[in-house]
Amino acid sequence: MEVGAVAAMRYVPEGIKAAKLVLEYTKHTMLVGDQASAFAISMGLPGPINLSSVESTEKWMKWKENYCQPNFWKNVTPGDNCGPYHPNGPSIGRCLMANELQPNEFGSVNVGLHSHDTISMAVIDQVGRIAVGTSTNGATFKIPGRVGDGPIAGSSAYADSEVGACGATGDGDIMMRFLPCYQVVESMRLGMEPKLAAKDAISRIARKYPGFIGALFAVNKSGIHAGASHGWTFQYSVRNPGMKDAEVFTVHP
């Protein structure tokens with residue numbers, strides 16, 4: 001099994017190609033930040049390139065005009081503008097009580113259909129080898145330096161040619177705590193059908209975070225596939241050599 005990933009990489013548009021370069025030309029699993037950008041450019045990928053678009057710039061300006069709300073900070077002062085932020089009271093070095101937790105501790109209030117752009121894809125070749133990859137810009141208005149589930153093997157994607165593959169999307173900050181795609185593949189290894197394995201992985205997260213938003217697909221080495229979701233209606237597409245075009249499947253929570 002081989003893995004390659006990049007995270008917090010700026011100025012290089014082809015993140016999935018950079019991850020493949022890590023897999024093919026290094027003994028590492030993940031490179032991050034400006035060093036990942038420098039690596040990708042040194043290996044021939046285009047860059048540095050300004051990746052901001054007119055749309056993203058306008059969205060950012062409106063967010064700033066709205067005092068940087070919503071955002072991903074919690075337990076800080078001030079809580080209603082763009083900072084700089086400081087710990088709210090003597091919270092450093094102590095545990096928070098249950099009644100001090102903010103709503104997004106139990107849900108995904110900053111995550112929705114239009115707040116991220118994850119793409120995850122699994123492929124089975126003619127001899128049964130399975131590969132899976134995920135690419136994303138991450139959560140909108142994230143705190144600089146944040147790394148989500150996209151580059152984490154076992155969270156947003158996982159594959160084993162002996163078993164099958166899984167891809168996931170949603171609130172990555174919550175989902176990466178559970179490695180749901182690793183769970184799916186290992187459940188299928190133990191004999192679960194893809195549908196049950198997918199539902200089981202999602203339900204494990206929902207028990208701890210009943211308000212979270214997320215979804216995943218599962219496919220075994222025979223090509224049997226299924227999806228599961230929580231908090232939204234999820235769609236994934238499938239195509240095989242016997243199909244003229246891709247078929248879209250809708251998964252309800």
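Modeller: Start with axes: they are lines fitted to C-alpha atoms, for helices over the stretch in contact, and angles run from 0 to 180 degrees between N-to-C directions. Contact means heavy atoms within 4.5 Å. Helices (H or I, at least four residues) and strands (E, at least two) are DSSP runs, numbered from the N terminus. By these rules, helix α6 (residues 194-208) lies across β9 and β10, at about 20° to β10. Helix α5 (residues 180-189) lies across β7, β8 and β9, at about 150° to β8.

This is a predicted model: local features need pLDDT of at least 70, side-chain atom pairs count only at pLDDT 80 or more, and totals for chains, interfaces and linings use all residues. Residues are numbered from 1 along each chain as its sequence is written, and side-chain values use heavy atoms, without hydrogens and water.

Biologist: How do you know that β8 and β9 pair?

Modeller: Two strands pair if DSSP finds at least two bridges between them. Seven bridges join β8 (residues 164-170) to β9 (residues 214-220), so they pair, and they run antiparallel.

Biologist: What makes β7 and β10 edge strands?

Modeller: The open sheet has the order β7-β8-β9-β10. β7 (157-160) and β10 (225-230) each have a single partner strand, so one side of each lacks a neighbour in the sheet.

Biologist: Why is M1 called exposed?

Modeller: Exposed means over 50% relative accessible area (1.4 Å probe, protein chains only). M1 has 65%, so M1 counts as exposed.

Methods:
Buried means under 20% relative accessible area, exposed over 50%, partly exposed in between (1.4 Å probe, protein chains only).
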